[in-house]
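Below are some notes on helix packing, a surface patch and a salt bridge. Please read them alongside the model.

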Amino acid sequence: MGFKQFLKRRTLKARDDKRTKAAELTLRESLYPICLVTILFFLWGFSYGLLDTLNKHFQNTLGINKSRSSGLQAAYFGAYPLASLGHANWILRHFGYRATFIWGLCLYGIGALVAWPCILAKSFPGFCMAIFIIGNGLGSLETAANPYITVCGPPRYAEIRINISQAFNGIGTVVAPVLGSYVFFAFDDETALRNVQWVYLAIAIFVFILAFVFFLSVIPEITDADMAFQATETHANADDKPFWKQYRLFHAAFAQFCYTGAQIAIASYFINYIRDTQPDASDSLASQLLAGAQGGFAAGRFFGVLLMKWVRPRWVFLWFLTMCIVFVAPSITQRGWTGMSMLYVTLFFESICFPTIVALGMRGLGRHTKRGSGWIVAGVMGGACVPPLTGVAADAHNNTALAMVVPLCFFVAALTYALCVNFVPAYRNPADAFSTTEVGISGHRAGVDEESGGEAAVIGDEKVVQAAEIEK
């Protein structure tokens, strides 16, 4: 295959008006692209877990209070709507998923490089700017990766698929606090700051290499026509309505805002909670306990996936979110190991909520899928709003435990969507229609665009690409 053909096969622009075989990917055909994209989930899990550890680290090294340290979360998650509703969503709709993946990884790498001089200068505002660039990169990745995993393969397994991928996000959130306990808190402040620099340099090198891997890879581009086909085949047909009348989508985005804000607030102040309720605990021990809690979070995703094999995902979602409310409430008044245990259980039940909101919120959007995914991902902005409120409450009362009432209120608000998707027919029926469809199970139908990559674009096999070219 010549160099021109090599570049043609790796074009970053995909047509959205023709249906391809990607609409009916089987489990085997979707395995390679899912594995590749799942690496991205680990990346932003690691970055998010690192942020929670740096929150307390900068309180120590730069002498800032709890509410100001939440500027890290505000910069990180505040960038998400700029990406998911702005530049990343535009690239996704006009070019495709692979272009958005590469764009997000490049922004992530640039932000990691910008962090280096900011850490050298001990500039907290400068580091927040670097985190803002990283947030734009990760927001771009989430804008594409969450819907891609949801639609890449048989629709009936969408919730299971995205929860498995998000489980690797959970593993990333475990690794980061463990790293922080040994790299940040186990040294003097000057050495710890130098270690932070090397961590971000390593991140930059890795993500630039990964961006090149995505450029070389041939993965299926799932088009608007593909998603419209799925909506028609499952009789969900929600995409018959104009985008601004997709009220289920906007309710899901609201739930995502409330849930994500509560989740980030709890994780961001977990170390502060341990220090306030157990004064004898060191920052290093508290960071290790956070890693244990995030381990429970990751385990909860695998447990949730098993449950979804036999129980409808919407019921699992309702149960898990309700348990978040039940267990975070006692952490407000309890102290010591009891209060910490309540937060451990809360993180376990938080596990499947984010990805399940994504999957359920996108049900039946059809041709609106790419645009709609941006709104659900924009809900992550809750992570920029709720932690500062929690920090203000903690500073005002000098009591982190009492401040847990803030995430509790947002969990209750998110519960409204879980109740609707289970008990309101207009919400429940599209979700159930996708759970029983045979699309991607019974083989490919006629009417696909064979010129858009055909079988080669489905399985990402370079030899098949060459064979297809020879046949033409």
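Which helix gives the largest share of the nonpolar patch?

1. Helix H7 (residues 158-183) does, with 4 residues; helices are DSSP runs of H or I, at least four residues, numbered from the N terminus. The model is predicted, so to read it: local features need pLDDT of at least 70, side-chain atom pairs count only at pLDDT 80 or more, and totals for chains, interfaces and linings use all residues. Residues are numbered from 1 along each chain as its sequence is written, and side-chain values use heavy atoms, with hydrogens and water left out.

2. The patch covers about 440 Å² and is formed by Phe42, Ile164, Phe168, Ile171, Val175 and Phe302. Patch residues have over 30% relative accessible area and no salt bridge, with nonpolar side chains (Val, Leu, Ile, Met, Phe, Trp, Tyr) joined within 5 Å; areas come from the Shrake-Rupley method with a 1.4 Å probe, only the protein chains shown counting as cover for residues. Phenylalanine 42 belongs to helix H2 (residues 27-62).

3. Searching the whole structure gives 1 salt bridge, defined as a side-chain nitrogen of Lys or Arg within 4 Å of a carboxyl oxygen of Asp or Glu. Its partners are glutamate 159 and arginine 363, at 2.7 Å, N to O. Glutamate 159 is in helix H7 and arginine 363 in the loop between helix H15 (353-361) and helix H16 (369-378), 204 residues apart.

4. Helix H17 (residues 382-397) packs on helix H18 (residues 405-423) at about 145°, the axes 8 Å apart. Axes are lines fitted to C-alpha atoms over the stretch in contact, and angles run from 0 to 180 degrees between N-to-C directions. Val386, Leu389, Thr390 and Ala393 of H17 meet Val406, Pro407 and Phe410 of H18 (contact: heavy atoms within 4.5 Å).

5. Helix H10 (residues 247-268) and helix H14 (residues 336-350) also pack at an angle of about 145°, with axes 11 Å apart. Tyr259, Gln263 and Ile266 of H10 touch Leu343, Thr346, Leu347 and Glu350 of H14.

Key: Helix = DSSP H or I, 4+ residues; strand = E, 2+ residues; numbered from the N terminus. Patch = residues over 30% accessible without salt bridge, like charges linked within 9 Å, V, L, I, M, F, W, Y side chains within 5 Å.
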